[in-house]
Amino acid sequence: MSKYLPTIGMEIHVELKTKSKMFCSCKNDMELDKEANVNICEVCTAQPGTLPVPNSEAIRFVQLAGLSLGCDLSKDSKFDRKNYFYPDIPKGYQISQYDQPFCGKGEMKIGDKTFGITRIHLEEDTGKLNHPKGTNYSLVDFNRAGVPLMELVTEPDFVSGEEARLFCQKLQQICRYLGISDADMEKGHMRCEANVSVYKEGEDKLSGTKVEVKNINSFKFVEKAIKFEIDRQIEAIESGEKIIQETRGWDSNRNATISQRSKETAADYRYFPEPDIPPMLFTDEYIEELRRELPELPEQKLQRFIGEYNVNERDGELLTSERDLANYFEQSISELQEKIQAGEIKAPQEKVFRLAVNYLNTEIRKHLVERQEKIADIKIVPENYAELIGIVADGKINSSAAQIVLEEMYEKGGDPSQIIEDKNLSQMDNNDEMEKVIDIILANNEASVSDYKNGKENALKFLMGQVMKETQGKANPQSAMEMIKKKILQ
Ligand SMILES: [Zn+2]
């Protein structure tokens with residue numbers, strides 16, 4: 001058993017989806033970035049004499065994020081210069097926030113645990129360095145320079161890579177609900193850094209030496225990199241080494257963290273107030289107005305779905321995982337309610353809603369995952385989806401026919417009744433066609449008929465199998481069984 005326990009804090013950068021960059025009017029559009037240095041101007045390349053103008057949309061986005069995480073919003077805030085030289089920073093400093101960030105303390109609940117948020121501030125992104133293969137030089141691309149970047153810093157409340165991953169995933173979900181960022185890690189919209197230390201059981205949890213782990217570009221690697229770093233530190237200490245305060249990069253090919261440089265401290269950055277941007281004041285009215293602007297967040301939506309539609313927690317979590325999916329579900333439900341009230345659907349509402357949840361969370365999800373598509377791209381409109389659910393709920397087609405119809409709808413869209421008619425998928429239920437099939441099967445299987453008369457239940461199963469085969473599964477099993485029994489025993 002290990003005598004050492006981990007302490008982890010997170011720093012997460014999120015590129016905001018504003019129309020323009022942070023301090024100039026260049027478009028904030030990564031699509032434009034296919035060619036180097038095409039989306040730049042004199043401000044974001046720091047030409048002499050230019051002045052930054054803060055982007056109010058970016059400030060509002062950070063404040064919305066803060067409100068949704070229960071942060072105290074500063075009424076008095078400012079930007080600061082963070083001085084450091086790096087070739088992808090045109091000014092030789094980054095405009096960031098030091099002691100008066102837009103958002104102060106907040107929290108995020110995951111399950112039964114609450115993780116503290118220290119602060120959320122706003123800064124500008126850097127450019128990018130490219131190192132062409134086979135050369136001994138680097139090229140700099142300033143397209144990304146000046147893109148608004150939100151930085152969220154947490155308290156050291158995490159004790160495992162898994163907790164950190166869940167936190168990052170939930171933050172992504174909130175950013176998407178708020179519409180402030182796609183927060184796609186693979187695309188670099190969201191970048192996570194972990195501060196990892198270990199301490200001896202019984203001692204202060206902050207007594208270990210902090211190592212910063214960077215270059216983590218997927219949720220899976222958040223978990224893996226932290227786990228690796230915890231194990232590395234424990235192993236080092238146990239073999240008598242001293243942990244040094246440093247920055248390490250996650251190398252996903254080697255599945256290891258690699259030492260990059262010793263860590264700077266705040267003093268190294270010589271922060272001072274940005275003289276070109278006046279301090280900002282926010283009124284209570286402004287903050288209240290922002291609060292009213294907040295959309296329903298995933299957690300609230302989940303609780304409402306559980307209450308209103310009687311979904312279980314697991315299903316509710318899947319349905320609210322994306323805002324578009326939750327909207328699709330609710331549109332379908334309102335179509336279904338109308339159809340039930342109009343008497344077009346006979347099945348009880350509870351059964352209908354359950355089917356609507358199940359088909360969305362299993363069948364439709366399966367198609368979406370297979371084709372790597374999003375619910376927003378789907379050809380099945382909620383009205384047609386609701387119609388299909390009604391047809392299935394009322395037993396007008398069986399579940400294998402429903403799969404065929406759904407697949408056709410997924411491919412081409414369209415009306416399920418039309419597809420059922422075109423493909424002749426309606427269930428045979430106590431009609432002449434069913435009777436004709438059963439009569440032929442009974443006539444051709446006299447031995448089984450007399451076996452059943454003599455009490456052999458298996459014979460009935462055999463006859464049912466023949467009926468299902470002959471009707472290609474379209475016979476309603478219950479009524480087919482009753483019809484066979486009646487015909488044999490009468
Ligand atoms: Zn610019």
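Donors are N, O and S atoms within 2.8 Å of the metal. In this predicted model, the zinc ion has as its protein donors the SG atoms of C24, C26, C41 and C44, which lie 2.3 to 2.4 Å from the ion. Along the chain, these donors of the zinc ion follow the spacing C-x1-C-x14-C-x2-C. Two of them, C26 and C44, are 18 residues apart, and each is in the loop between β1 (4–15) and α1 (56–68). The arrangement around the zinc ion is tetrahedral, because the four donor atoms subtend angles of 102 to 114°.

The cysteines also raise the matter of disulfides. A disulfide is a covalent bond between the sulfur atoms of two cysteines. The structure holds zero disulfides: the sulfur of C103 has its closest cysteine sulfur in C71, at 5.2 Å, which is too far for a bond. C175 is likewise in no disulfide, with the nearest cysteine sulfur, that of C192, 10 Å away.

| Residue | Relative accessibility | Class |
|---|---|---|
| C26 | 9% | buried |
| C44 | 6% | buried |
| C103 | 0% | buried |
| C175 | 1% | buried |

Another part of the structure can be described through R248, a residue of strand β12 (residues 246–251). R248 counts as buried because its relative accessible area is 11%, which is under the limit of 20%. A polar atom of the side chain of R248 lies 2.7 Å from the backbone oxygen of T257. When residues up to four places away in sequence are not counted, R248 touches several residues, including V211, E212, E229, R232 and T257.

Note on methods. Residues numbered from 1 in each chain as written. Predicted model: local features only at pLDDT ≥ 70, side-chain atom pairs only at ≥ 80, totals over all residues. Heavy atoms only, no water. Helix = DSSP H or I, 4+ residues; strand = E, 2+ residues; numbered from the N terminus. Buried < 20%, exposed > 50% of the residue type's maximum accessible area, 1.4 Å probe, protein only. Polar contact = N/O pair within 3.5 Å; in protein donor to acceptor, adjacent residues only side chain to side chain. Contact = heavy atoms within 4.5 Å. Disulfide = S-S within 2.5 Å. Donors = N, O, S within 2.8 Å, 3.2 Å for Na, K, Ca; no water. Tetrahedral: all angles 85-135°; square planar, octahedral: opposite > 155°, others 65-115°.
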